Amino acid sequence: MLYNSTQNAAEVVSSAQAISQGISKDGGLFVPQQSPVYNEDTFKSLLKSDYKGRAKKIFADFLTDFTAEEISDCVEKAYTKEKFGSENPAPIKTCKLDGAELNILELWHGPTCAFKDMALQILPHLLTKSLKKTYDGKTAVILVATSGDTGKAALEGFKDVDNTKIIVFYPVDGVSPMQKHQMNTQEGNNVKVCAIKGNFDDAQTGVKKIFTTSDVVEKLADNNMLFSSANSINWGRLLPQIVYYISAYCDMVNAGKISFGDKINVVVPTGNFGNILAAYYANQMGLPIKKFICASNSNNVLTDFIKTGVYDKNRHFYTTISPSMDILVSSNLERLLYKLSGDSDTATKEWMTQLKTEGRYEVSESVKSVINEKLYGGFCDDEQTKLTIKKLFDEDNYLCDTHTAVAVNVYEQYVKETGDNTPSVIASTASPYKFSRAVLQAVNPDAELPQTEFDTVDKLFEISGAEVPAPLAGLKNKTARFSDVTEVDNMKNYVLGALEIK
C-alpha cells in the first residue's frame, strides 16, 4: 500500500513516510493509491471481533510496511478500558426523538472527552514507529492548529512521548472556556500552547505555511528535527476514524438494529471534513452507506458547496456555540475532490490554488453530480442548536453537546425533506460538559448562569443528572501553565523560539 500527494501524484511514499511527514512537500495531502475492498466473508469475520480486533485488521490493510506485532502494540496501548471506560471505546446510545429511534455513536469517552481521542490516542504510537522506519534519530515537531478539541487531544496523546515536541495554536476567542482550560493546564515537558489573534482558519493557514517554508524546514533539519502534523491532514489521524464507522455497523448488526448487508446513513457534524471523509473511505472499502449527511453550523460553506459545487470562503465568519465547527476552509475536502475527479492531481491542485488566491473554486459537472448523489448538506444556527438540545433532553433525558445537536437537527431536516427513514448513525463528537454554558442555557433557559466554568458544570449536573466525565472534573483545581498570545504573522517566530532555534 503506497500513498501519493493529492497535488502531485508523482510524489509516492510508504505509509510510515506519510505519517512521519504529515503533509507532502508541495502542500498536498497524502492519500492511499487504492483502498482495500472487503467482501462478505471479511465483514462477517469483523462481526465476530471486538473493537481492537477490527482496528488491527483495518490498520494492517492500510499500513503494509508495519508488522502485525507493531500494529497490535499500537492498538493495545491506545484503546484501553482505563482510557475509554469500556472495552468498546465507541458505543452506540439509542434514544428517541419525535417517536423515531436515533443511533448516537458516542465518540467522546476518551481522556479529553472528544472524538479526536479516537485517533490521537493511537497516532503517537504510529508516529514513533514511523519515525524509526524513516527518520531514525530525529525529533518530530508536531504543529497543531485547533478549533478546540484536536489541541487538547493531541497534547494529551503526545505529552512526554520520546523524540517529539508539540506546539498547539488556538484562536484566542474561538474555543470554549473548558477547551481553553484543558489546553492551558496541559502537563508534559515537551508541550507548548499559544493563542493567536485570529480565527481557526488563520491558525490552520499559518501552520500549513510554516510546514512548507523552506528556511524554517532547513533550520529544523540543522537541529536534527522535522515537522509532522497531528491535524487530520495527517493520514495517521484519518485512518483510525475509518475504524469506528465499520465497527458501528458491526455493532448495529449484532444488536439486531439492521440486517447484514442493509445500507445505513451516516450523519456527521463537520468543520474540517475529516470525520465524514473517514466514513467515505469506509464506504469505498465496502461498508454499505446510502447517504453522507454533512451537518454544519452558521459557517455553512460546506452546505452551499454540496448544493452548488461552488466552494466560497469569502463570507462572514460566525463565532458560534459549536466552535469546533467554526471553520471556512475544510482541509480534508481536498482528499474527496481528488478521489471524485478520478485521482486527478492537476484538477485538485488547480482548485486548491484558486482557493488560496481567490478564496473560491467551482468543481466540474461530473464531480458535482457525484456529490449531489452521495452527500446531503444542511445547517442550523445557535438558536436551533439549543432547541434541539432541549428537545432531546426533554423527550428522552439525553444530554448532548452543541455539535451533536447540530447533527441531530440537520438529520431531522433531511428526513423531513426526503422522507428517507434508512437507519442512521449520528456521530456524537464531544461531552456536553465541554460546552456546559451553552448546554445549560439550552436545557434550562431560565437558569441563572454561574460566573465560573466549573460552577456551570455543577449546575448542569444538578439539573440533568448526567455524569460529569472524570477528566473534566479533575481539571477544576488545576492551574494554567500557558498564557502566550501571538499575532498570526508571528507564528513562525514563535515556533522557532519555542524550539530554541535562532
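Lys 44 is partly exposed in this predicted model, with a relative accessible area of 37%. Its salt-bridge partner is Glu 40, with 2.9 Å from N to O. Glu 40 is partly exposed as well, at 45% relative accessible area. Both residues belong to helix α2 (residues 40-47), and because they are four residues apart there, about one helical turn separates them.

That bridge is one of 24 salt bridges that turn up across the whole structure. Here are three of them side by side.

| Salt bridge | N to O distance |
|---|---|
| Lys 44 and Glu 40 | 2.9 Å |
| Lys 290 and Asp 420 | 3.3 Å |
| Lys 391 and Glu 412 | 3.2 Å |

What does the Lys 290 and Asp 420 bridge link? Distant parts of the chain: Lys 290 is in strand β11 (residues 289-296), while Asp 420 sits in the loop between α19 (402-418) and β15 (424-428), 130 residues apart. Lys 290 is partly exposed, with 41% relative accessible area, whereas Asp 420 is buried, at 9%. The cut-off for buried is under 20%, so the 9% of Asp 420 qualifies.

Next up is Lys 391 with Glu 412, whose side chains meet in a salt bridge. Lys 391 comes from helix α18 (residues 382-396) and Glu 412 from helix α19, so this pair ties together parts that lie 21 residues apart in sequence. Both ends are partly exposed: Lys 391 has a relative accessible area of 28%, and Glu 412 has 24%.

Now for the rings. The aromatic pairs number 16. In one of them, Tyr 280 and Tyr 281 have ring centres 6.3 Å apart and planes at 70°, so that pair is edge-to-face. Tyr 280 and Tyr 281 are both buried. They also belong to one aromatic cluster, together with Tyr 3, Phe 62, Trp 235 and Phe 292.

How do Trp 351 and Tyr 361 pair up, stacked or edge-to-face? They are stacked, with 6.4 Å from centre to centre and 25° between the planes. Trp 351 lies in helix α16 (residues 345-358) and Tyr 361 in strand β13 (residues 360-362), so the pair ties together parts 10 residues apart in sequence. Trp 351 and Tyr 361 are buried too.

There's also a charge over a ring: the charged end of Lys 133 sits over Phe 66, 5.0 Å from the ring centre.

How values were computed:
Residues numbered from 1 in each chain as written. Predicted model: local features only at pLDDT ≥ 70, side-chain atom pairs only at ≥ 80, totals over all residues. Heavy atoms only, no water. Phe/Tyr/Trp six-rings, centres within 6.5 Å; stacked < 30°, edge-to-face > 60°. Buried < 20%, exposed > 50% of the residue type's maximum accessible area, 1.4 Å probe, protein only. Helix = DSSP H or I, 4+ residues; strand = E, 2+ residues; numbered from the N terminus. Lys NZ or Arg CZ within 6 Å of the ring centre and 35° of its normal. Salt bridge = Lys/Arg side-chain N within 4 Å of Asp/Glu carboxyl O.
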